[in-house]
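This report describes selected features of one structure. The sequence and the model are shown first, and the description follows.

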Amino acid sequence: MNIEIDISALGADGDGMARMPDGEPLFVPGALPGERVQADRIDARSAHLLSVLRPSPDRVDPPCTLFGQCGGCAIQHLSLPAALDWKAETVVHALARAGFADPRVTARFQSPPASRRRVDLAIRRRPDGVAIGLHARRGDVVDLTTCPVLAPALFALLPALRDVARSLGALRQNGDVLINLLDSGPDLLLATDGPLEPSDRAKLAEFARHQHIPRIAWRQAGTTDIPETAAQSGPVHHAFSGVTVAPPPGAFLQPSSEGEAAIIAAVLAGLPRKLGRRDAIVELYAGCGTLSFALAEKARVLAFEGHPDAVAALRRATSGTRVVAEQRDLNRQPIMARQIAEAAAVVLDPPYMGAGAQMAQIVDGKPARVIYVSCNPQALTRDAAGLKAAGYQLDGVTVIDQFLWSTEVEAVCVFSAPPAPRRRTR
Ligand SMILES: C[S@@+](CC[C@H](N)C(=O)[O-])C[C@H]1O[C@@H](n2cnc3c(N)ncnc32)[C@H](O)[C@@H]1O
């Protein structure tokens, strides 16, 4: 059914949203707030955009010819400044839902195009070759023949990667590859649906040599097995705040070096101004040390991380620094309130699901400062609500857009504890 409607907002998936007369939302992919559009209603909740009758001033021509097919980008038709505004609003609403009315956005940051240095791509064998790319929304893999998001050094690998993947016996139908662009070069974690054969190893070694790839690790697709080294031609290394780490295959890495710098700057700016030699920062979800070594320039750091290989890499790099790293599953065995209470500040950078059981211990420990790095506004609402209930104030929030043209947004939130109640004196 053809309808004419006014778009009032962007939904969480980046689709234009109209309020229908019955109050229910109708989602129109490709439409923007402020636009009047003609759309074909598919069902109660969604419609297909037919034409834009009154365009938004924020509408731009998408920079990529694959936009609309490839599921990697959702909002290339929105200008970058407007996208950052929208992401900032998303964070502000998340904090408002947690009870922090009118949060102060102290800084905003957006990574430039072609800066993405970490990517997870699907691999599909097809009758005419191999496709490597991202899934279409609710669809198959779209071969990444162009990409304004990826760092050029990563994009340049794809033609040769297609060729070698096509030749692998281990790739029956499906696989995927996670690529981190480290200081030592691209680091690949390949997963395939068949076992890696000796001839595959030889082909991967040849590919690695030609492409200057120090390491290719492999594991069976669909498993979380410890990856095995399929090809290694040199050492793998990466520096965090001047400290060299050897990250394990598939290690977590902030998606852009510019975004990483913005997160570090916001976290450091949120620390208490006076930190003494004996002060300690408790850092939770430390990964391989992205924040740890920067924090260690200000105080001692007790860094906790759940992934055994990440924490081993972090530990190997700590000698001569003020970082002490420990492996800990913070869901099963959170750092207890007693230890939290002794920290001058707690810095946490939890995974997508948020800090779970750890949050209650933070709230009970009442550290003077909590600096929360969020990659999921919904989890942020849940975790920040606990801090609000305990009387924390929100000093400020930095909004970071390092997943350009996607709907993802990150934020660094700085919370301060309520002043301790005065003791009565007689
Ligand atoms: C968003 S990453 C942040 C890593 C690091 N701060 C950085 O910026 O590179 C989240 C980290 O939490 C770790 N993690 C996930 N679940 C965990 C758990 N239950 N206990 C401890 N660490 C966990 C992951 O291994 C990952 O390193």
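The structure is a predicted model.

## The eight-stranded sheet

An open sheet with mixed pairing contains 8 strands, arranged in the order β7-β22-β23-β21-β20-β17-β18-β19. Its edges are formed by β7 (105-110) and β19 (323-327), each of which pairs on one side only. From one strand to the next, the twist averages 15°.

Within this order, strand β17 (residues 280-284) and strand β20 (residues 345-348) run parallel and are joined by 4 bridges. Ile281 has Ala345 of β20 as its bridge partner. Helix α7 (residues 308-316) packs on the sheet, where it touches β18 (300-305) and β19. The direction of α7 makes about 160° with that of β19.

## The three-stranded sheet

A further open sheet consists of 3 strands in the order β2-β3-β4, with antiparallel pairing. The edge positions are held by β2 (9-10) and β4 (25-28); each has a single partner strand, so one side of each lacks a neighbour in the sheet.

The pairing of β2 with strand β3 (residues 16-19) is antiparallel and extends over 2 bridges. In this part of the model, Ala9 stands opposite Met17 of β3.

## Packing of α9 and α10

Two packed helices are described by the angle between their axes and the distance between the axes. For helix α9 (residues 356-365) and helix α10 (residues 377-389), the axes come within 9 Å and cross at roughly 20°. Angles under 35 degrees count as roughly parallel, and α9 and α10 are therefore roughly parallel to each other. The crossing in which α9 passes α10 is right-handed.

Which residues make the contact between α9 and α10? On the α9 side they are Met359, Ala360 and Val363, and on the α10 side Asp383, Gly386 and Leu387. By class, this contact of α9 with α10 comprises 4 nonpolar residues, 1 polar residue and 1 charged residue.

Notes: Residues numbered from 1 in each chain as written. Predicted model: local features only at pLDDT ≥ 70, side-chain atom pairs only at ≥ 80, totals over all residues. Axes fitted to C-alpha atoms, helices over the stretch in contact; angles between N-to-C directions. Parallel < 35°, antiparallel > 145°, perpendicular 65-115°, else oblique. Left-handed = near helix turned anticlockwise from the far one by under 90°. Contact = placed C-beta atoms within 7 Å. Nonpolar A, V, L, I, M, F, W, Y, C, P; charged D, E, K, R; others polar. Pairing = 2+ DSSP bridges.
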